[in-house]
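Please read it alongside the structure shown here.

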Amino acid sequence: MRCSSSPLRRLPQVLLVVAASAAALASPGGAAATLWPNVPEQIARALTSGDASERRLAATRVGELAPETAIGLIQRGMSDPDVEVRLHLAGAAVRFRMPRAGDVVIEWLGEGDARLRLAACDVIRAAPTDRSVVALGRVLGDPDPHVRLAAAAAMGAAGLPDAVSPLLGHLDDAAPEVRAEVARALGRIGDARAVVPLIGKVQDSVPEVRKSTARALGELGDPRAVSALLLALQDASQDVRVEAVTALGRLRSDDATSAIADLVTASPGAAGALPGARPSDSATSSNDVREAALRALGRIGSEAAVKALLAALAKDNPAAPRSAVRDALVSAGGAAVPALIAALAAAPSANTAAGAALVLGDLKAREALPALARGMQRGVVPLRHGLRALGALGDPAALPGVLELLGDADPAVRAEAIRAATALLDPARPDGRAVDPARALLVDPATAPDEKVALVQLLGRTGSPRAQAVLLPLATTRAVPLRLAVIEALGAARAAGKLGVAVDAALLAALDDESADVRLRAAIALSRVAGPGSARPLLQRLTVAAEQDRGALGIALSGALSRADDADDGSDAGGAGEGKAARDASGKGLVHEIASAIASAPDAARDALLEGLGRMPGQAAGAALARMASAAPIDDRRKIAEALAGHPEAAPALRKLAGDPDPGVRANAVWSLGAAGDKDALPLLLPLLKDPDAAVAGNAAGAIGRVAGRAGQPARVAAALCAALPDARPYVRANALAGLTVAGARCDGAAARDLLARDPAEAVRFAAADHLARSGADDDRRALARCAAEDRNAAVAGRCAHAAPPRAPLGAAAAEDVVVFVVPFDAGRGGSVRDAPAPRAPFALVRADGLMRLGVADRRGELFERGAPRGPIRLAVPAPLVK
């Protein structure tokens, strides 16, 4: 069984459906595997047995132990006289990333058994020290080529400048694979002393060596390599040519632009070859060479490079969703904008004009708006592509021109105009300019049903009260797709006064619809826009609803309560004073009603009500949650700990819950302290980095980063988070890195680069890529480039290639509340997905800022994430299943 790790589909603003592995449905907070208390003692005793077979068996089980126990046993057993025992323990040392393990195995480098020498190289690669890396120099002359290769790989991974001289002495190794690895190692180390010797290997007789040499020269970034790399562009091996052109792009050598441009225009097989070289049997094609050349021109970004890319647009297909030519121009950035605008002002071909327009849109080049508009008016820019570009441009000033084309005779143009107008609107900034033309088309009998649905979505994006007045009569239309679109559009923005009351009434009525899809969509809409007057009707419905409707009603009530307070009397018409009077007369406010309902509500409703109190503003709601926490059952305490994230004034209750015996409660409380706590919470959070439960420790790392980032105290937490980077639990390491990133802190040395290069966990390498991307240092950029080219996981390599640049701290406008349902996915049963969320399912949710929240879902199979940064949210394997 495994977990899906694909990006998750975001539904309207507050609802997100998540798939998780059915295997994840272990007991909350439980470990992936448990050992009897006497097992560690048995393994330790067996490792000292006089029977070699007993010691071997024990060595194979060391990996099952807790890190602190296993590392001590490994250190004592590494001198065992039996080779098999030592080999097993070496593998465990690599797995646990045993500190200074490299020094322990230095003596193995002189052993007669090649397996031990190989194992020593692997251990040093996983846990290098200066002394052990230097000791590898003598192994570069080992009689076994596999040992020599492993030694070169370990020296390159360590990145120690002292390794350069020994490596240079073995550039002419008899084994081609060793020569290639030596070249790779020199590129990783990045020392300029390697440039000239490597230039001499560009014409090695073996393609793999030439390929590694070209890549290394690109990593070294020295312009002295340009001439040799230009020669490599004529290599018979397509692999070598790809690496050579990529290296020239990394060098940003404008002197190479002409030769690279020739690769873009050359037909397959047109390029020359080195005399006497044999054709490569690689799967790399001439088209791969062309795409690498395009990327290189984009990186160079000079006037000549942009000119070559513009010429390539003439043969490009603008209808394709992605294009290597367009991607290259986008990577050239602002340097390409003047040339693109000038191309539109001339008389370009249709392909060139369409491609130039699309690139300008992707670059968000608002200064290009006049040129785009004129190009479309002159017929130079095809309307479909021009509209697509205007939508991507994101400039509201483009809206009038787009709206003029809503009634175009061409259905494809109309569809693109609707999409562009929808993209240019934001419900948070009401804009009524699109209402009248959209309404005219909506009531036109000739408008196709699918266009009506798109027009309704457009009206929802306007955020205009006039749009909602148009939509309200359609809320009961018989066409289900249109009715669903109308309900969603009504939930796009909150209307004021009587119109808001009418919208709420229409959505409340939709909760009684016979279609489950309509009921769910209405609940989502109510969660986003329902006024405080809807809270009591929803509360009444929730307490008496059928089981299948409680989930939807809980979503609606939770959202409605986020806009209510204890003074609300159930009527939007009354003022605050009237509401307070009503409360005082009865002696009960809305908070009291919810708390009373919780006492007798069924489990599914209890979680919805607790979540609603958490989202409800005002101290009364937080105080009610804090009171309930003291005597609540475990499931309630978990939900209360999550809900208190919205009530900073109740931080003392969260601190108490952070010491709860149940790890699920502690995990939620710690995470909530990250949202609601101030710098005074740090003394409590810092020791929790060592909590025995991975979810608690991982959440503590994320919470520490968030608190320190808000308080502007990165130095206060850097040492503790850096000390967590060697933790044996992958998610603790990952969140420690993400916490450092969020806090704006760094560790001394190359800790993050080391994790990016060597950590076995994908989550850790993802976090390391994001951390290094915010640095801008040359060493960090080289590490990211190396990861992009070499990481064994395509997703991690892609993250390294496109890691996010530094950005300002997220504000309230860049965050949103998100509801997540954990739906089991079982790869062992043909990839089937259950039809309902799983109660108390372990989860690992990775936010757009890289922080990972760990824990267990509530009794509905749901979790609520307050203030999640806008952007993609993805699912990771739950912590109990991670090795």
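Two strands count as paired if DSSP finds at least two bridges between them. The model is predicted. Its protein chain has 47 helices and seven strands.

**Whole chain**
- Of the 883 residues in the protein chain, 55% count as buried.
- The accessible surface of the protein chain is about 36,100 Å², and carbon and sulfur atoms contribute 54% of that surface.
- Among contacts in the protein chain with a separation of 6 or more, 68% are between residues 24 or more positions apart.

- Three strands form an open sheet in the order 5-4-7, and their pairing is antiparallel.
- Strand 5 (852-856) and strand 7 (874-875) are at the edges with a single partner strand each, so one side of each has no neighbour in the sheet.
- Strand 4 (residues 842-846) is joined to strand 5 by five bridges in the antiparallel sense.
- Val-846 has Met-852 in strand 5 as its bridge partner.

**Helix pair**
- Two packed helices are described by the angle between their axes and the distance between the axes.
- For helix 35 (residues 603-615) and helix 36 (residues 619-629), the axes come within 8 Å and cross at roughly 135 degrees.
- Helix 35 and helix 36 are therefore oblique to each other.
- The crossing of helix 35 past helix 36 is left-handed.
- Helix 35 makes the contact through Leu-610, Leu-613 and Gly-614, and helix 36 through Ala-621, Ala-624, Leu-625 and Met-628.

Conventions
Residues numbered from 1 in each chain as written. Predicted model: local features only at pLDDT ≥ 70, side-chain atom pairs only at ≥ 80, totals over all residues. Heavy atoms only, no water. Helix = DSSP H or I, 4+ residues; strand = E, 2+ residues; numbered from the N terminus. Buried < 20%, exposed > 50% of the residue type's maximum accessible area, 1.4 Å probe, protein only. Contact = heavy atoms within 4.5 Å. Areas by Shrake-Rupley, 256 points an atom, 1.4 Å probe, with all protein chains shown as cover. Axes fitted to C-alpha atoms, helices over the stretch in contact; angles between N-to-C directions. Parallel < 35°, antiparallel > 145°, perpendicular 65-115°, else oblique. Left-handed = near helix turned anticlockwise from the far one by under 90°.
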